[in-house]
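The following paragraphs lead the reader through one protein structure. Please keep the sequence and the three-dimensional view at hand while reading.

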Amino acid sequence: MRTLIRGGTVLSSTGAATADVLVDGETIAAVAAPGVFTEADTVLDATGRYVLPGGIDAHTHMEMPFGGTFSADTFETGTRAAAWGGTTTIIDFAVQAKGTSLLSTLDKWHEKAEGDCAIDYGFHMIVSDVNDGTLKEMESCVDSGVSSFKMFMAYPGVFYSTDGEILRAMHKATETGATIMMHAENGIAIDQLVARALAEGKGEPVQHGLTRPPELEGEATSRAITLAKVTGAPLYIVHLSAAQALAAVAQARDEGQNVFAETCPQYLYLSIEDLAKPDFEGAKYVASPPLREKHHQADLWRGLRTNDLSVVSTDHCPFCFKDQKELGRGDFSKIPNGMPGVEHRMDLLHQGVVAGEISLARWVEACSTTPARMFGLYPRKGVLAPGSDADIVIYDPAAEQTLSAATHHMAVDYSAYEGMTITGKVDTVLSRGRVVVDGGEYHGSAGHGRFLSRDLCQYLG
Ligand code: URP
Ligand code: ZN
Ligand code: ZN
């Protein structure tokens, strides 16, 4: 089965070219000058549109246990929504509960995802119980294609690891070549600020932001970088939101340390003003780190341009406003942390191109090519080249759309971007050669997506 994508502008992390793309079965057979190939079983006309590698969202949480509930998207609904938005690979997080093993956790997450995903998927492992057994199991995880481990400097008593535990895991990462991903907020200090606010009767959602100041993200980021320097471990800072944290990352990178970072669309577009919306509406925007004051946004866009922020992921972790966010009415500390977004990352970052914040090449790089390299999937993913998986997006840069819960495909009852107008829209999506979205219709199916066994980070010398 050969598919020819004809007449489009083919985008890569280095630029754009007018070219045709020939797909044979599940992979790309050729990217050639227009008209070189004429024969195919199916011809897709991409005239006036971009043809780019499918998006890779390296940070999602489907069916994640959190705060006594589970994030609302299953692997089935979440990967379907991802496909609608031009994302053809997710890397989700298996979550080690305290007292359990990493390998049993991994088995559990394979059971959850297998047969349910519309697009290809991989796993990172959340380590919340560091001990001799866990450290040994990190080796088996790497051998099983799970080469990155998230640790938390936040959430004492739940996911939190001490500096000593982080140091031990980092030593194991150095030994195995694995990457340590860090949720960098000083959770010990934050818990005191939270207790103080609640004791003063301040329970509304905006307090979530006020009790997690950007300085405590900057401090934790610097500390994580120092621990990584001492141990030699590659470090990837997840969901970076604050200028202080970005400055620490930029300095480490200038000094040649293997430190990388991602940010998320919510930190580029939303702010603490959303958290302050009245009538508990702010609960929709409760995620950690919290939304910041608006002035951080310009720093984050700059960080994306300079590559101090290498990746844009969503941290998609949706909780319905009704019944789930409601758990924290009157006590912000009980609002499940997380926001929806897996469907809109490609569009929101294309809006950054429209606004002149980033180039087209940088859009592709931050949303597809770099995540592929960062997490050991390149060149199978992240590029349109012969032999690569035919994960392809045909994108109309001139179409207009308005984001809304009434039209999105995520299993959550609100949109964090309700009413926002975007220039650009996904037309067609191929996942391993199969058309899964086309012309406003979904043609994918649960179980098409396969588990991706990943190599180590491909940026290490
Ligand atoms: O608030 C967030 N970010 N929820 C998801 C879990 C995490 O820390 O990434
Ligand atoms: Zn986190
Ligand atoms: Zn997350």
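In this structure, the zinc ion (ligand 2) and the zinc ion (ligand 3) are 4.1 Å apart. The structure itself is a predicted model. The protein donors of the zinc ion (ligand 2) are Lys 150 through NZ, His 183 through ND1 and His 239 through NE2, lying 2.1 Å from the ion. Along the chain, the donors of this zinc ion (ligand 2) follow the spacing K-x32-H-x55-H. His 183 belongs to strand 12 (residues 179-183), whereas His 239 sits in the loop between strand 13 (235-237) and helix 8 (243-254), so this pair ties together parts that are 56 residues apart in sequence.

Lys 150 is part of strand 11, which covers residues 148-152. In UniProt, an unreviewed entry lists Lys 150 under "modified residue: N6-carboxylysine". Neighbours within four places in sequence aside, Lys 150 is in contact with His 59, Phe 93, Met 125, Ile 126, Val 127, Met 181, His 183, Val 238 and His 239.

The discussion now turns to the division of the chain. The protein is divided into domain 1, made of residues 2-52 and 383-442, and domain 2, made of residues 55-374. Taken over C-alpha atoms, the centres of domain 1 and domain 2 are separated by 27 Å. Their contact takes 39 residues from domain 1 and 46 residues from domain 2. About 3500 Å² of area is buried between domain 1 and domain 2, and carbon and sulfur atoms give 65% of that area.

How many salt bridges are counted between domain 1 and domain 2? The count is one. Among the salt bridges of the model is that of Arg 432 with Asp 120, whose closest N and O atoms are 2.5 Å apart. Asp 120 also meets Lys 381 in a salt bridge, at 2.7 Å from N to O. This second pair links distant parts of the chain, since Asp 120 lies in strand 10 (residues 120-126) and Lys 381 in the loop between helix 13 (360-374) and strand 16 (392-402), 261 residues apart. Asp 120 and Lys 381 are both buried. A network of salt bridges links Glu 26, Asp 120, Arg 380, Lys 381, Asp 389, Asp 391, Arg 432 and Arg 450.

The count of salt bridges comes to 29. One of the salt bridges is formed by Glu 217 and Arg 292, with the closest N and O atoms 2.8 Å apart. Glu 217 lies in helix 7 (residues 214-231) and Arg 292 in the loop between helix 10 (272-275) and helix 11 (295-306), so the pair ties together parts that are 75 residues apart in sequence. Glu 217 is buried, with a relative accessible area of 2%, and Arg 292 counts as buried at 5%.

The salt bridge between Glu 365 and Arg 362 has its closest N and O atoms 2.7 Å apart. Because these residues are three places apart in helix 13, about one helical turn separates Glu 365 from Arg 362. Glu 365 is partly exposed, with a relative accessible area of 24%, whereas Arg 362 is buried at 8%.

Most residues other than glycine have a negative phi, and most peptide bonds are trans. A cis peptide bond, however, joins Ser 288 and Pro 289, with omega at about -5 degrees. Pro 289 is found in the loop between helix 10 and helix 11. Another cis peptide bond joins Tyr 378 and Pro 379, with omega at about 5 degrees, and Pro 379 is found in the loop between helix 13 and strand 16.

Positive phi values also occur in residues other than glycine, including Phe 280, where phi is near 70 degrees. Phe 280 lies in the loop between helix 10 and helix 11 and, at 8% relative accessibility, counts as buried. Glu 63 has a positive phi of about 50 degrees. Glu 63 is located in the loop between strand 6 (55-60) and strand 7 (65-66), and its relative accessibility of 16% makes it buried.

Notes: Residues numbered from 1 in each chain as written. Chains lettered and ligands numbered in written order. Predicted model: local features only at pLDDT ≥ 70, side-chain atom pairs only at ≥ 80, totals over all residues. Heavy atoms only, no water. UniProt positions renumbered as here; feature names shortened; annotations may be inferred. Helix = DSSP H or I, 4+ residues; strand = E, 2+ residues; numbered from the N terminus. Contact = heavy atoms within 4.5 Å. Donors = N, O, S within 2.8 Å, 3.2 Å for Na, K, Ca; no water. Domains from an automatic or database assignment. Buried area = accessible area lost by both parts, 1.4 Å probe. Salt bridge = Lys/Arg side-chain N within 4 Å of Asp/Glu carboxyl O. Buried < 20%, exposed > 50% of the residue type's maximum accessible area, 1.4 Å probe, protein only.
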